[in-house]
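Here's a quick briefing to read with the model open in your viewer.

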Amino acid sequence: MRSNELDSNGFWQPDVTVATLVLHEGRFLVVEEEVRGERVINQPAGHLEPEESLAHAALRETLEETGWDVELTAFVGAYQWKAPVAPDGSGGRHYLRFAFAARPLAHHPGRPLDAGILRPLWLTPAELHACADRHRSPLVWRVVADYLAGQRRPLDTVTQLA
């Protein structure tokens, strides 16, 4: 289903994603990944799976993309973004990203990473900002900027009801 089309019930649904900002010793944990033949930088991030809480999705995606177990410490914010349409007609999807702050707990260096992930990196805010032309989307820096500005909310701001 293209982002501007309705599902079989007549509803439009954006792609729901999570992202995790892991800060340790002044550096953010990010991933270098290959997307449509380009090397881009992103936070550990990915799609919410059926029956999964947003918090669990953030923990799972961080482990799958970086090999790091983390502990969520705060909810940074929710962000809506529409990707541009590429010349080939791809893109144009709408994303609703839920961003969490976390601290690292344990690294599993031998763990295989998700397909497309080239490597995890630890970058200072200045290093991350300097490679903005390689960010997967404008969401990458916006979430970091909000975090650096002190934007943090309690984790119970985001709740899954059973």
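Let's start with Glu25, which is exposed because its relative accessible area is 71%, over the 50% cut-off. Bear in mind that this is a predicted model.

**Two glutamates with positive phi**

- Glu25 sits in the loop that links strand 1 (15-24) to strand 2 (27-35).
- Its phi is positive, about 50 degrees, even though Glu25 is not a glycine.
- Glu51 also isn't a glycine, and its phi is positive at about 70 degrees.
- You'll find Glu51 in the loop between strand 4 (45-47) and helix 1 (54-66).
- Glu51 has 79% relative accessibility, so it counts as exposed.

**The whole chain**

- The protein has 3 helices and 7 strands, and in sequence order they run β-β-β-β-α-β-β-β-α-α.
- With a radius of gyration of 16 Å, against the 15 Å that the globule rule gives for 162 residues, the protein is as compact as a globular protein of that length.
- Along the principal axes, the C-alpha atoms fill a box of roughly 45 × 40 × 35 Å.
- Of the 162 residues, 42% are buried.
- If you take contacts between residues at least 6 apart in sequence, 71% of them join residues at least 24 apart.
- The accessible surface is about 9,100 Å², and carbon and sulfur atoms account for 52% of it.
- On the charge side, there are 16 positive and 22 negative side chains, with the centres of the two sets 5 Å apart.

- Is Glu52 buried or exposed? With a relative accessible area of 10%, Glu52 is buried.
- Glu52 belongs to the loop between strand 4 and helix 1, which is also where Glu51 is found.
- The side chain of Glu52 places a polar atom 2.9 Å from the backbone nitrogen of Glu49.
- That side chain also has a polar contact of 2.9 Å with the side chain of His56.
- Beyond its neighbours within four places in sequence, Glu52 contacts His47, Ala57, Arg60 and Gln160.

**Ala55, in helix 1**

- Ala55 is part of helix 1, and its relative accessible area of 30% makes it partly exposed.
- Setting aside neighbours within four places in sequence, Ala55 is in contact with Leu72 and Phe100.

**Val70, in strand 5**

- Val70 lies in strand 5 and is buried, with a relative accessible area of 9%.
- Which residues does Val70 touch, not counting those up to four places away in sequence? They are Thr20, Val22, Leu59, Thr62, Ala102, Arg103, Pro104 and Leu105.

**Asn42, in strand 3**

- Asn42 is located in strand 3 (residues 38-42).
- Its relative accessibility is 4%, so Asn42 counts as buried, given that buried means under 20%.
- The side chains of Asn42 and Arg97 are joined by a polar contact of 3.2 Å.
- Arg97 is also one of the residues that Asn42 contacts once neighbours within four places in sequence are left aside; the others are Val30, Val31, Glu33, Arg136 and Val140.

**Arg93, between strands 5 and 6**

- Arg93 is in the loop running from strand 5 (68-82) to strand 6 (94-107).
- At 37% relative accessibility, Arg93 counts as partly exposed.
- Which side chain does the side chain of Arg93 make a polar contact with? The partner is Asp15, at 2.7 Å.
- Arg93 and Leu54 are 39 residues apart along the chain, with their C-alpha atoms separated by 20 Å.

Key. Residues numbered from 1 in each chain as written. Predicted model: local features only at pLDDT ≥ 70, side-chain atom pairs only at ≥ 80, totals over all residues. Heavy atoms only, no water. Helix = DSSP H or I, 4+ residues; strand = E, 2+ residues; numbered from the N terminus. Rg over C-alpha atoms; globule rule 2.2 N^0.38 Å. Buried < 20%, exposed > 50% of the residue type's maximum accessible area, 1.4 Å probe, protein only. Contact = heavy atoms within 4.5 Å. Areas by Shrake-Rupley, 256 points an atom, 1.4 Å probe, with all protein chains shown as cover. Lys, Arg positive; Asp, Glu negative; His and termini not counted. Charge placed at Lys NZ, Arg CZ, Asp CG, Glu CD. Polar contact = N/O pair within 3.5 Å; in protein donor to acceptor, adjacent residues only side chain to side chain.
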